[in-house]
Every structure is written in C-alpha cells, then in structure tokens.
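Dear colleague,

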Amino acid sequence: MVKIAVTGKGGVGKTTLSGTLARMLAREGYDVLAIDADADMNLASALGVKNPPQPLTDYKDLIEERAGEAGGMFKFNPKVDDIVDRFGVVGPDDVKMLVMGTVEKGGSGCMCPASAFLRAFLRHVVLKDTSAVILDMEAGIEHLGRGTTRGIDLMVIVVEPGMRSIETARRIKELSEGIDIINLAAVINKGTSANIKPHLEKLGIPVLGEIPYDTELVEADFHGLAPIDVGGKWVEAVTQIKDNMLSMVRNFEKQV
C-alpha cells in the first residue's frame, strides 16, 4: 500500500498534480483512494469527478457519535473503517474519492472531535495490498500542526519559481521532522529547476521532476476537463514524476 500526501503553498498546482497522479496510479492497477483534504475542495475537477461527495465534516452527528464522549471529551480512535464505502464516490478509472472538509476550530493543536475523527481516518484508512492513497492537502503548513499527515510514505512538496515557495518547503520539512515524517520529495511546477533545485538540495529535499508550463492544461481547466483526459506536455511530465515517485517509495520499503 502506498500513501502519498501532496502539499505546498497556495496556487502551486498541488491539486492538479494530486488528481493526475491518482488517475495514473489507477490505470496501473492500484486501487486508488483520492482524498481532498484542502479547504478549497477542488480535487474533484482534477480527477474528472462531476458530482463530488459531501464533505465528511458536514456529518456532524456522525462525528459526534464516533468521536465525541460525554462531558465534551472525544475519542482518540473513533471507528472509521466504513467511511469510504458510505461517504465516497467512484470517479473515472474507478478512483474512489472522499472530501474531508474544513475543521471549524483550526490551528495547531486543535483537538476537537472533528479533527480527531479526520486524523484517525487518515491514519487507519486501508483498502487492500495493491491500494494507493493520495492526499491533496491544504495549502501551507497548518495540517502539519494538526498532525493529519502522520503515517504517510512520502510527502510531495510542489514548488514554483520564487523564494516564498522555497521558504514554505523549508518550513514543511522542519515541521515534518517533528511528527516523524522523514520521506519528502519535491516537484517543480511552472518553471525550470535551474534556480530552484540548488535551494532544495541544501534543504535535503530530492526532486522528482519538473513540469513545464502547458497551454493545454489551461484549456483543460477552462473546459472543466481533467488534465489526464486532455494530455500534453504537462501530463507527460507527470508520468515521469509518477514513475520516479514509485521507485522512491519502493526504495524506502527495501530499507525498512
């Protein structure tokens, strides 16, 4: 089983990458679950899902039943093993999709029942041996403060030309180490790696590949189409990134 979290600062293309990776893995025979854990909730369009599911955080009674306790306390390990079948949808290439939704009491250290419920789900979600989970995380680093990415195999940081993106990558790396996420890699979008790669190398973050600007991707977005259904240079680049990503994860497994 492969668990991948995709993150980065806002606007770098992480949602588009997440959806495309999910579809590609499904075409390779993986049983894929794509989870929209971004507050903007745009993963459906990147997957080609026309009718996305209702966010899990909308099911307040369910969360209270599973994660709540008398007296305002909450359970650390609520029941989550039926969530995919009950609240997910199946999209193109048989990719299963779930939407997490937003936690009203956000911020580092949020310990409300909804946050506990989502963390438990992300920790324990298992489909089968040939499954892959792709998490499209919210922009920035707040999710690391809540610890929702514990238990993943690889965190992919999408960066673009500019020091703000590099700074976000640095902070993600620092916070990841604090919650035992040791495997990170970067994807460079919207530019070449010449000016960015040296900074990532200093941070000790390997680069899976770079994605060129592609007008066909823009056209796909205008027409509400998933990038993988349109093709082009962008999708070709992500195909190589997907191969590099799987090779990296397999090397991690050999080292365990």
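Predicted model: local features only at pLDDT ≥ 70, side-chain atom pairs only at ≥ 80, totals over all residues.

Residues are numbered from 1 along each chain as its sequence is written, and side-chain values use heavy atoms, with hydrogens and water left out.

Helices (H or I, at least four residues) and strands (E, at least two) are DSSP runs numbered from the N terminus, and two strands count as paired if DSSP finds at least two bridges between them. On that basis there is an open sheet of 8 strands with mixed pairing, in the order E3-E4-E2-E5-E1-E6-E7-E8. Its edge strands, each pairing on one side only, are E3 (89-90) and E8 (207-211).

Strand E1 (residues 2-7) pairs in the parallel sense with E5 (residues 131-137) over 5 bridges, and E1 also runs parallel to E6, to which 4 bridges join it. Valine 6 stands opposite aspartate 136 in E5 and opposite valine 156 in E6. E6 and E7 are likewise parallel, with 5 bridges, and here methionine 155 stands opposite leucine 184 in E7.

Helix H7 (residues 163-178) lies across E1, E6 (154-159) and E7 (184-189), at about 165 degrees to E6, where angles run from 0 to 180 degrees between N-to-C directions and axes are lines fitted to C-alpha atoms, for helices over the stretch in contact. Helix H10 (residues 233-255) packs on the sheet as well, touching E1, E6, E7 and E8, with contact meaning heavy atoms within 4.5 Å.

Because 6 of the 6 residues of E6 are buried, this strand is largely enclosed by the rest of the structure (buried: under 20% relative accessible area, 1.4 Å probe, protein chains only). Leu154, Val156 and Val158 lie on one side of E6, and Met155, Ile157 and Val159 on the other.

A nonpolar core is a set of buried Ala, Val, Leu, Ile, Met, Phe, Trp, Tyr and Cys residues joined through side-chain atoms within 4.5 Å. The largest has 42 residues, of which Ile4, Leu17, Leu154, Val156 and Met245 touch the most other members, and H10 supplies its largest share, 10 residues. A second, separate core of 39 residues includes Leu62, Phe117, Ala120 and Met155.

With best regards

Key: Buried < 20%, exposed > 50% of the residue type's maximum accessible area, 1.4 Å probe, protein only.
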